[in-house]
Amino acid sequence: MSIELKNIGFTYGQGTTFEHCALKNINLKIEKNEFVGIIGQTGSGKSTLVQLLNGLLKATTGDLLYEKRSIYEKNYDLKTLRQKVGLVFQYPEHQLFEVDVLSDVCFGPKNQGLSLEEAKIRAKEALSMVGMKESYYVKSPFELSGGQKQRVAIARAMAMQPKVLLFDEPTSALDPEMVDEVLAVIRKLASTGITMVIRTHELSLARDVA
């Protein structure tokens, strides 16, 4: 498994008066089982780069290869790519929306075609992996603390059994105690051998985990 960016560029609002170049001539290769940190100041293009890695955005120039195949080929299955390359957003509220925690984590596996019972097995395994007790399964995701929401968001991504997991500033909205809680989960997942990419503006965080 590898992800390779070749001369990638991305421009917002191309051809308009609001045109803005976010990335230019980016070359990067991420190998299997690596933990890569993407760091830089606010506005330097980190989030844009992360969203390119699972096809949420399409590069303006250059090519992106997943397992040596261009994701920009005609008829390339981007839905399957996004199942293999999971993304955990900066604000978990942006990806949690079901009535309770278990249903939320079941959402991805059900979309992969699993039965409800199979999805529940996957979801419970993922929730256990991130340290969520069964008593939380019936709670609304919006009743949880910031750290708990982030752990549910990570479990939601892990339930789809991705080969790569992308984190987009996973701790920036958390207080110090919750940061330690979420980082402990991230380190635990890294030990399983999954390829991980974390984007952050905090050098100390990147140095700590990547």
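Hi everyone. Before we start, please keep in mind that this is a predicted model.

Let's begin with a pair of helices. Two packed helices are described by the angle between their axes and the distance between those axes. Here the pair is helix H5, residues 146-158, and helix H6, residues 176-190. Their axes are 8 Å apart, and the angle is about 20°. Angles under 35 degrees count as roughly parallel, so H5 is roughly parallel to H6. The crossing of H5 past H6 is right-handed.

Which residues in H5 meet H6? On the H5 side they are Gly-146, Gly-147, Gln-148, Gln-150, Arg-151, Ile-154 and Met-158. Their partners in H6 are Met-178, Glu-181, Val-182, Val-185, Ile-186 and Leu-189.

Is Arg-151 buried or exposed? Its relative accessibility is 12%, and buried means under 20%, so Arg-151 counts as buried. Leaving out residues up to four places away in sequence, Arg-151 touches Val-130, Gly-131, Met-132, Glu-181 and Val-185.

Now for the cores. In soluble globular proteins, nonpolar side chains tend to be buried together. The largest nonpolar core in this model has 36 residues. Val-105, Leu-127, Ile-154, Leu-165, Phe-167, Ile-186 and Met-196 are the ones with the most contacts inside it. Several elements give two or more residues to this core, including H5, H6, strand E7 (164-168) and strand E8 (195-200).

Take Met-196 as an example. Neighbours within four places in sequence aside, Met-196 is in contact with Glu-34, Phe-35, Val-36, Leu-165, Phe-167, Ile-186, Leu-189 and Ala-190. Another core, of 25 residues, lies apart from the largest one, and among its members are Ile-8, Leu-49, Ala-59 and Tyr-76.

One last stop: Phe-10, in strand E1, residues 2-12. With 8% relative accessibility, Phe-10 counts as buried. What does Phe-10 touch, not counting residues up to four places away in sequence? The list is His-20, Cys-21, Ala-22, Leu-23, Thr-48, Leu-52, Leu-57, Lys-58, Ala-59 and Thr-60. Finally, Phe-10 and Ser-135 are 125 residues apart along the chain, and 44 Å separates their C-alpha atoms.

Notes:
Residues are numbered from 1 along each chain as its sequence is written. This is a predicted model: local features need pLDDT of at least 70, side-chain atom pairs count only at pLDDT 80 or more; totals for chains, interfaces and linings use all residues. Side-chain values use heavy atoms; hydrogens and water are left out. Axes are lines fitted to C-alpha atoms, for helices over the stretch in contact, and angles run from 0 to 180 degrees between N-to-C directions. Helices (H or I, at least four residues) and strands (E, at least two) are DSSP runs, numbered from the N terminus. Angles under 35 degrees count as roughly parallel, over 145 as roughly antiparallel, 65 to 115 as roughly perpendicular and the rest as oblique. A crossing is left-handed if the near helix is turned anticlockwise from the far one by less than a right angle, and right-handed if clockwise. Contact means heavy atoms within 4.5 Å. Buried means under 20% relative accessible area, exposed over 50%, partly exposed in between (1.4 Å probe, protein chains only). A nonpolar core is a set of buried Ala, Val, Leu, Ile, Met, Phe, Trp, Tyr and Cys residues joined through side-chain atoms within 4.5 Å.
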